[in-house]
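Hello,

Here is the structure we talked about handing over.

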Amino acid sequence: MFLKKKEKKDKRKSPNQIRNIYGITLCSFFTVLFFICISPMMRGANYEFEERKLNEYQLLTNDVKVAIAKKEYNPQNKTLRIDYALKSDTNAKTLSNLDYKVKNRYIKQKTNDVKTKTFRPSDDYVVVISTNVPNDFGVISSTIQPEYIHPELENDPNDLKERGMKTYIKEGPNMLNEDLKEQSIAIYEEEYIEHTQDLLNKEIKSLEKKVKIKETANKQLVTNNENLKGEMDFQTDDEIGTTENDMRANETTINTNKKEIEKLKEEIKLKEKKI
């Protein structure tokens, strides 16, 4: 009897033992959590940064969009170039009263050793040159902030204070340009004109391709209707009704294509005038 009571007493854990077990468990939990947090640093892991694609426009203000048009780097003189293209779908005149501040920092930067200059060869284009960017910069954080040139002309001169866009530029062989160096604003203006004309030529070719596709489609639809008309000589009244409906649908498509072709040709003429 005495032995049974002693066994039951031994099986019950004292409050001190419970507290010790709880403390050990809690310490183990926080130790594991700590190593999980610092493990990327210990391994030298690379963090992923979302990089915007070239010419992918994002909203900068209520009516102005911005995109990265060019990114280049010269490891010889440690010079980085980022070009921003801007556009307004509602009011192009808005761009004439805007200037931009750009801050570029590489991910491992600890001191303010990167020097950045902005050039504005056009209302809708900004060239950003940063010097003293090391060869192994990894990732550049680039922030563009708009500001009014003449705030007194705006209804709300303070509406741009919280505006801006941050993007990341990853180091890579596709952006190497060993001829890159800081140029004068006159050179950037010439480059801008060439860049604009190149874009216009590409847009014209794209429009001409659309015209050709629609003209080819219309020729095929005309041929289809001629074939359908020939088939009607051997069809029943019900079949003739179905064929006539098909021919009318083709005619509707042909007329729609003709209107779209005229619009496309007008767009081509407008773009050709800008070259």
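**Sheets and a buried loop residue**

β1 and β2 (residues 65-74) run antiparallel and are joined by two bridges. Within that pairing, L59 stands opposite K65 of β2. Keep in mind that this is a predicted model.

Both strands belong to an open sheet of five strands. The order is β1-β2-β3-β6-β5, and the pairing is antiparallel. β1 (58-59) and β5 (115-122) are the edge strands, each pairing on one side only. Helix α3 (residues 185-231) packs on this sheet. The helix touches β2, β3, β5 and β6 (125-131). Its direction makes about 55° with that of β5.

Next, the three-stranded sheet. This one is also open, with the order β4-β7-β8 and antiparallel pairing. Its edges are β4 and β8 (165-170), and each pairs on one side only. From one strand to the next, the twist averages 25°. Nine bridges join β4 to β7 (residues 139-148).

Now the loop. N97 lies between β3 (79-87) and β4 (98-106). Is N97 buried or exposed? N97 counts as buried because its relative accessibility is 7%, and the cut-off for buried is under 20%. Which residues does N97 touch, leaving aside those up to four places away in sequence? They are E147, Y148, I149, H150, L153 and E154.

Best wishes

Methods. Residues numbered from 1 in each chain as written. Predicted model: local features only at pLDDT ≥ 70, side-chain atom pairs only at ≥ 80, totals over all residues. Heavy atoms only, no water. Helix = DSSP H or I, 4+ residues; strand = E, 2+ residues; numbered from the N terminus. Buried < 20%, exposed > 50% of the residue type's maximum accessible area, 1.4 Å probe, protein only. Contact = heavy atoms within 4.5 Å. Pairing = 2+ DSSP bridges. Axes fitted to C-alpha atoms, helices over the stretch in contact; angles between N-to-C directions.
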